[in-house]
Amino acid sequence: MTEAPKRFPLTLSSVVDSKSKSSGQRANRVVATPQTATRNAAYDSAKSSLSPKPSFGLSSVKPPVFSPPGTPVRQSNAVPTTNLSNQQQTGERSASLVSEGVRKAMVARIAKQGVSDVSVLAAMAAVPRHMFMEPGLASQAYIDASLPIGHHQTISQPYIVARMIEVMRDNQHGGVLNRVLEIGTGCGYQAAVLSLVAKEVYSIERIKPLHELARSNLRPLRVANIRLHYGDGMLGLPQVAPFDGIILAAAGLEVPQALLDQMAIGGRLVAPVGSRHQVLQLIQRISKFDWTSTTLEDCHFVPLRAGIA
Ligand code: SAH
């Protein structure tokens, strides 16, 4: 309760909690390879593609900016292209154009499925989902499906990521979210999307190698407002609560009481609930002692598990 929240924006090295920093573990994907350069180029393109011109008929989509509300836009994450041959540069440019194009198509599909919050659609258009996948699966990054990320876990389906964030944002403050919590970081994709619609994002993962994977996936994106924690998300983060929004990326039979207690009054929690048959539930905290629950739609998530692994 006494630990003061860190100031935002945070430096990149502070994206992980101190416990994991001292572990000295390094994920194997931080090694610079031509692939890394291609990925960086794609991300640069994602940032520079944040053009104000309307796309896929969403005329009111705000130009997406890969920076949290209220913080200055970081200018340069440029790949040192001077060291690359012309052929490499051309290859990277076309790779990034391809990923930009398929990402726009993905967002158009999500909009067609009913997600209408332009800030959410813009955030989905800005985050390079392929950078969160194993290279072997990157070509499938923009299909509307959950895909394996190892350890029997999955990166969530793009539609459901967008839908959950849209529901969380539909609050009494016009979508303003100061502090949000995600349970189940996985590869870090949803945390990256959240970082564009909330001022501070906290995300907890119970599987250590996935926590490390998210850390290495997020590093090249230079996201300043995400804090990753390794631990049991069912306990939440009482030291930083209350949260304006909480999203669970794994399904339990019920929403843990600790998470309900850590919601701000007026806060919204979105969670898959159930085992074989799961539904998306919205829980709103309306007073110190009162919560309401609304069932939204069927969904399918990996199970929420207690403890750490
Ligand atoms: N947010 C991810 C989805 C990851 S899948 C995305 O962007 O696609 C759900 C994740 O929840 C898994 O990595 C799983 O390990 C994690 N998880 C399950 N129970 C948990 C718990 N009690 N605390 C923290 N993470 C949990």
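**View 1. The cysteines, with 0 disulfides found in a search of the whole structure.** A disulfide here is a pair of cysteine sulfur atoms within 2.5 Å. This is a predicted model, in which local features need pLDDT of at least 70 and side-chain atom pairs count only at pLDDT 80 or more, while totals for chains, interfaces and linings use all residues. Residues are numbered from 1 along each chain as its sequence is written, and side-chain values use heavy atoms, leaving out hydrogens and water. Cys-187 is buried at 2% relative accessible area, and Cys-299 counts as buried at 13%. Buried means under 20% relative accessible area, exposed over 50% and partly exposed in between, with a 1.4 Å probe and protein chains only.

**View 2. Thr-185 in its loop between strand E3 (179-183) and helix H6 (189-194).** Helices (H or I, at least four residues) and strands (E, at least two) are DSSP runs, numbered from the N terminus. Thr-185 is buried, with a relative accessible area of 4%. Leaving aside residues up to four places away in sequence, Thr-185 touches Ser-203, Ile-204, Glu-205, Ala-214 and Leu-228; contact means heavy atoms within 4.5 Å.

**View 3. The largest pocket, with a volume of about 450 Å³.** Of its 37 lining residues, Gln-153, Gly-184, Ala-249, Ala-250 and Val-302 are the closest to the centre. On a 1 Å grid over the protein atoms alone, a pocket is an open set of points with protein on both sides within 12 Å along at least five of seven lines, and lining residues have an atom within 4 Å of a point. Points are joined across faces, edges and corners, and the volume is the space filled by probe spheres set on them. Strand E2 (153-155) gives the largest share of the lining, 3 residues.

**View 4. The largest nonpolar core, a set of 56 residues.** Such a core is a set of buried Ala, Val, Leu, Ile, Met, Phe, Trp, Tyr and Cys residues joined through side-chain atoms within 4.5 Å. Met-124, Phe-132, Ile-155, Ile-165, Tyr-189, Val-193 and Val-270 touch the most other members. The largest share of this core, 8 residues, comes from H5. Apart from this core lies another, of 20 residues, including Phe-243 and Leu-269.

**View 5. A closer look at Val-270 and its contacts.** Beyond residues up to four places away in sequence, Val-270 touches Met-164, Val-167, Met-168, Ile-246, Ile-247, Leu-248, Leu-280, Gln-281 and Leu-282.

Technical notes: 1 Å grid on protein atoms, 1.4 Å probe; cavity = no way out; pocket = protein on both sides within 12 Å on 5 of 7 lines; lining within 4 Å.
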